[in-house]
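Okay, thanks for coming, everyone.

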Amino acid sequence: MSTQTVSSAVAADAGEAPAADRVDLRREFNEVGIGDVLDQLDRELIGLKPVKTRIREIASLLLIERIRKRMNLTSEVPTLHMSFTGNPGTGKTTVALRIASILHKLGFVRRGQVVSVTRDELVGQYIGHTAPKTKEILKKAMGGVLFIDEAYYLHRPDNERDYGQEAIEILLQVMESQREDLVVILAGYGDRMDKFFASNPGFRSRIAHHIDFPDYSDGELLAIAELMLHDMNYKFSPEAREAFERYITLRKTQPLFSNARSIRNALDRMRLRQANRLVADLDRVLSADDIMSLEASDVLASRVFLSHAMPDAGRGTGLD
């Protein structure tokens, strides 16, 4: 018996794994590059601590599964289909993109792509139309991630002539039979997704990870606004920042609020007002600071403040 074999036998008797079966975990973590993706997620999204914690847990699980596979300690690929629940503008699509990147780096999907669809891309209006549409989307998404937003609209029990159930049955079959080559993420409002899963238990049994996306706090929305402005080379003046804090408080109480999405829309309107304010005086010489700065007047001109003073103003519209 060779010295190496004797050493391995002694290690096994002592409860140690042979050197050939050991893994430098930090090196493995750094080599696959998932740390870079997680850091990117932290930079891109303000807050969402429970979501980020869950994504790190999933990444850790998959890293260990990758190592187990190499050591012949696992027999099948874990179920990776997911459900994202939460209000609009809470980062679900961004997280889906980062999840796809993690899955790709760890070898659980062939491509790090995300194909994002709604009911319209899956369900046809006529007999025989739905199956080809659904299969075409699945073919396009294969090897990556299929993100189905507002997934509950696939199921319309009040309409006997609806073809959504056909799409559901095809999706369920593929989610089970080809789960080694496709990850499906269903997304939508929490209460509606609960009803959807109750009506379609086949989906719930195939979903391994349910992740809830909380609404942003006022402070987080302000931080998101300032991050967006920084990326666009804009900034709030001190007075504008104070006005925008008031804007956030009011906007959250009014119709069609969509978290970060509404914040981005508001900033676009404020940039429009700033540009009109600057161009109104063509004889003025502008500095870079003038062009970068949003002033309080750019914020306070929003209909949000008018509707607060006059509750009927802007009713039924998407306020900015």
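So, strand S1, residues 82–86, is joined to strand S5, residues 209–213, by five bridges, and those two run parallel. If you want a landmark there, find Ser 83, which stands opposite His 210 in S5. Keep in mind that this is a predicted model.

S1 has another partner too. Over four bridges, S1 pairs with strand S4, residues 183–188, again in the parallel sense. The landmark on that side is Thr 85, standing opposite Gly 188 in S4.

Now, is S1 buried or exposed? It's mostly covered: five of its five residues are buried. As for the side chains, in a regular strand they alternate between the two faces of the sheet. Here, Met 82, Phe 84 and Gly 86 point one way from S1, while Ser 83 and Thr 85 point the other way. All of them are buried, whichever way they point.

Okay, on to the helices. H11, residues 218–231, packs with H13, residues 260–279, at an angle of about 50 degrees, and their axes are 10 Å apart.

Who's making the contact? On H11 you've got Leu 221, Ile 224, Ala 225, Met 228 and Leu 229, and from H13 come Ala 260, Ile 263, Arg 264 and Leu 267. Sort those by type, and you get eight nonpolar, no polar and one charged.

Definitions and conventions
Residues are numbered from 1 along each chain as its sequence is written. This is a predicted model: local features need pLDDT of at least 70, side-chain atom pairs count only at pLDDT 80 or more; totals for chains, interfaces and linings use all residues. Side-chain values use heavy atoms; hydrogens and water are left out. Buried means under 20% relative accessible area, exposed over 50%, partly exposed in between (1.4 Å probe, protein chains only). Two strands pair if DSSP finds at least two bridges between them. Axes are lines fitted to C-alpha atoms, for helices over the stretch in contact, and angles run from 0 to 180 degrees between N-to-C directions. Contact means heavy atoms within 4.5 Å. Ala, Val, Leu, Ile, Met, Phe, Trp, Tyr, Cys and Pro count as nonpolar, Asp, Glu, Lys and Arg as charged, and the others, Gly among them, as polar.
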